[in-house]
Amino acid sequence: MADEGTDRTVLLSQCSAAVFRAATVTLMAVSCPLRACGVTVPVVDGVIGAHLGMAGECALGGVRVVDDRVSVAVTTTDAFDAEVQRG
Ligand SMILES: [Zn+2]
């Protein structure tokens, strides 16, 4: 929501892949959304761990991942349909 200024964030939807534990409750790892990087990195307490990209230490290490799946579900009719079919 509000821009914290010094707190850098990426949206979960910007990551090409994400690994969750226990029915998508806890985010464990993501594919780094930085195009030149793209490695799978662990996420600890919602923060991307420090890791090496193509050109040394990746700039996204220590960046918080914002889980935007809720807003995606609200604005995407496909997701809503899938929710209905599941029940
Ligand atoms: Zn990276």
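**Strand pairing, core and exposed loops of the predicted chain**

D45 is placed in the loop between strand 4 and strand 5, strands being DSSP runs of E with at least two residues and helices DSSP runs of H or I with at least four residues, both numbered from the N terminus. The structure is a predicted model, in which local features need pLDDT of at least 70, side-chain atom pairs count only at pLDDT 80 or more, and totals for chains, interfaces and linings use all residues. Residues are numbered from 1 along each chain as its sequence is written.

D45 has a positive phi of about 55° although it is not a glycine. Most residues other than glycine have a negative phi.

Overall, the chain contains 2 helices and 8 strands. Along the sequence these elements follow the pattern β-β-β-β-β-β-β-β-α-α. Of the 87 residues in the chain, 11% are buried. Contacts were defined as pairs of residues whose C-beta atoms, placed from the backbone, lie within 7 Å. Among the contacts in the chain with a separation of 6 or more, 27% are accounted for by residues 24 or more positions apart.

Pairing was assigned to two strands where DSSP finds at least two bridges between them. Strand 2 (residues 18-21) and strand 3 run antiparallel and are joined by 4 bridges. Within this pair, V19 has A29 in strand 3 as its bridge partner. Strand 3 is also antiparallel to strand 4, with 3 bridges joining the two. Here V30 stands opposite V41, and S31 has T40 in strand 4 as its bridge partner. Strand 4 in turn runs antiparallel to strand 5 (residues 47-48), to which 2 bridges join it. In this pair V43 stands opposite I48.

The largest nonpolar core has 10 residues in all, namely C15, L27, V30, C32, V41, V43, I48, C58, L60 and V65. Strand 3 (26-31) and strand 4 (40-44) each supply at least two residues of this core. A nonpolar core is a set of buried Ala, Val, Leu, Ile, Met, Phe, Trp, Tyr and Cys residues joined through C-beta atoms within 7 Å. In soluble globular proteins, nonpolar side chains tend to be buried together. One of the core residues, V43, touches L27, M28, A29, V30, I48, G49 and V65, not counting residues up to four places away in sequence.

R8 lies in the segment before strand 1 (9-11) and is exposed, because 12 other C-beta atoms lie within 10 Å. The C-alpha atoms of R8 and R64 are separated by 6.4 Å, although the two residues are 56 residues apart along the chain. S13 is placed in the loop between strand 1 and strand 2; with 14 other C-beta atoms within 10 Å, S13 is partly exposed. A separation of 7.2 Å was computed between the C-alpha atoms of S13 and R69, which are 56 residues apart along the chain.

A50 is found in the loop between strand 5 and strand 6 (52-53), and counts as exposed because it has 12 C-beta neighbours inside 10 Å. Not counting residues up to four places away in sequence, A50 touches E57, G61 and G62. Its C-alpha atom is separated by 7.5 Å from that of L60, 10 residues apart along the chain. A55 occupies the loop between strand 6 and strand 7 (56-57) and is exposed, with 9 other C-beta atoms within 10 Å. The C-alpha atoms of A55 and C37, 18 residues apart along the chain, are separated by 8.3 Å.

The chain averages a pLDDT of 78, and 71% of the residues score at least 70. Over residues 71-77 the pLDDT is below 50, and this stretch has 4 contacts in the model beyond near neighbours in sequence. Where pLDDT is low, the predicted coordinates should not be read in detail.

Methods
Buried ≥ 20, exposed ≤ 12 C-beta atoms within 10 Å, placed from the backbone. Contact = placed C-beta atoms within 7 Å. pLDDT = per-residue confidence, 0-100.
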